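Please keep the sequence and the 3D view open while reading.

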Amino acid sequence: MSHTKKLIEENNEKRKLLSDDNLQLYEDFLLYIRTDLRVAVHESEELLMELLDHMLEAQHEGRSATDLLGSDPKAYADELIEGLPKDKKRDVIPFISSQVSNSLGWFALVLSIVHLVMPMFTEIKAPSPLGNLIVLALAVLGVSALGVKVIFTLVRSSLFSEKKKAKRAYWKAGLFGGGSFAVILFFAWLVPDFGPRILIEWWIYLIIALILLGTGKLIQRAYHTH
């Protein structure tokens with residue numbers, strides 16, 4: 001087990017000792033730092049553990065979190081992030097690889113369901129052109145990459161704020177997800193058919209999906225990219 005994974009598991013257990021108010025504030029810090037993709041993962045976890053120890057010590061001594069973190073916790077979190085080393089490019093590659101594998105895996109899973117269910121309601125006259133499938137897969141990758149950026153930004157904007165603002169962020173994330181799906185469908189309808197038509201059975205799509213999703217999960221576990 002790597003040192004980073006040990007830190008994450010120790011953190012998961014130790015923060016249960018925080019009071020409800022302190023736990024809410026600490027988890028805002030945790031999400032705010034972990035969703036900043038610029039900083040190094042291991043050093044971030046060390047910082048989060050150090051912060052957790054300080055909060056537990058303050059709680060034991062009867063001091064409030066404001067005494068420890070100041071009246072503007074978001075500004076304090078930004079200050080802490082500025083002091084963290086930036087992630088190395090080689091550490092970013094596993095994250096991107098896992099996102100690509102997961103996105104294509106979900107795409108293949110959707111195609112599997114479509115090819116399994118659609119023949120029950122209508123006759124499929126010809127298989128989809130290979131060129132269109134590739135273009136559609138690229139569109140899914142592009143939307144997924146944008147989605148990670150948008151959703152992380154929305155999550156970060158909802159932290160250290162009242163619940164009303166957090167709910168607005170969740171609504172925006174939901175609208176972005178629905179809008180993205182509509183854009184992909186429109187894109188698929190807009191692109192003219194091109195490339196050879198290859199019949200791919202639904203179970204082949206399912207196998208591809210399971211391989212890609214499994215690969216994405218293995219990369220995430222190996223490199224702790226989530």
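1. The structure is a predicted model. Residue numbers start from 1 along each chain, as its sequence is written.

2. The largest nonpolar core. This core comprises 24 residues. Those with the most contacts inside it are Leu25, Tyr26, Phe29, Met55, Leu69 and Phe160. Two or more residues are given to it by each of helix H2 (20–34), helix H3 (41–60), helix H4 (65–69) and helix H5 (73–82). H3 supplies the largest share, namely seven residues.

3. Leu25 and its partners. Once neighbours within four places in sequence are set aside, Leu25 is in contact with Met55, Ala65, Leu69, Pro73 and Phe160. Met55, Leu69 and Phe160 are also listed with Leu25 among the residues with the most contacts inside the largest core.

4. Another core lies apart from the largest one and has eight residues. Among them are Leu111, Leu133, Val140 and Ile184.

5. Helix H2. The 15 residues of H2 should span 21 Å at 1.5 Å a residue, and the end C-alpha atoms are 21 Å apart, so the two values agree. Buried residues in H2 are Asn22, Leu25, Tyr26, Asp28, Phe29, Leu30, Tyr32 and Ile33. The cover over these buried residues includes helix H1 (3–14), H3, H4, H5 and H7.

6. The pair of Tyr32 and Phe160. The structure holds four aromatic pairs. In one of them, the ring centres of Tyr32 and Phe160 are 5.5 Å apart; the planes stand at 70°, over the 60 degrees required, so the pair is edge-to-face. Tyr32 and Phe160 are both buried.

7. The surroundings of that pair. Which residues do ring pairs link into a cluster? The cluster consists of Phe29, Tyr32, Tyr76 and Phe160.

8. Phe186 and Trp189 are three residues apart in helix H8, so about one helical turn separates them. Phe186 is partly exposed, with a relative accessible area of 48%, whereas Trp189 counts as exposed at 66% relative accessibility.

9. Salt bridges. Nine salt bridges are present in the structure. Asp36 and Arg38 form one of them, with the closest N and O atoms 2.6 Å apart. Asp36 is buried, with a relative accessible area of 6%, while Arg38 is partly exposed at 44%. In the salt bridge of Glu61 with Arg63, the closest N and O atoms are 3.0 Å apart. Glu61 is partly exposed, with a relative accessible area of 46%, and Arg63 is partly exposed at 35%.

10. Further charged residues. The side chains of Glu13 and Lys16 meet in a salt bridge, at 3.3 Å from N to O. Lys16 is exposed, with a relative accessible area of 59%. A network of salt bridges links Glu10, Lys14 and Asp53.

11. Ile93 is found in helix H6 (residues 89–117). Is Ile93 buried or exposed? Its relative accessibility is 54%, over the 50% cut-off, so Ile93 counts as exposed. The C-alpha atoms of Ile93 and Leu159 are separated by 27 Å, with the two residues 66 apart along the chain. Phe95 also has its place in helix H6. Phe95 is buried, with a relative accessible area of 16%. From C-alpha to C-alpha, Phe95 and Gln220 are 7.3 Å apart in space, although they are 125 residues apart in sequence.

Conventions: This is a predicted model: local features need pLDDT of at least 70, side-chain atom pairs count only at pLDDT 80 or more; totals for chains, interfaces and linings use all residues. Side-chain values use heavy atoms; hydrogens and water are left out. A nonpolar core is a set of buried Ala, Val, Leu, Ile, Met, Phe, Trp, Tyr and Cys residues joined through side-chain atoms within 4.5 Å. Buried means under 20% relative accessible area, exposed over 50%, partly exposed in between (1.4 Å probe, protein chains only). Helices (H or I, at least four residues) and strands (E, at least two) are DSSP runs, numbered from the N terminus. Contact means heavy atoms within 4.5 Å. Rings of Phe, Tyr and Trp (its six-membered ring) pair if their centres lie within 6.5 Å; planes under 30 degrees apart count as stacked, over 60 as edge-to-face and the rest as tilted. A salt bridge is a side-chain nitrogen of Lys or Arg within 4 Å of a carboxyl oxygen of Asp or Glu. The expected span of a helix is 1.5 Å times one less than its number of residues.
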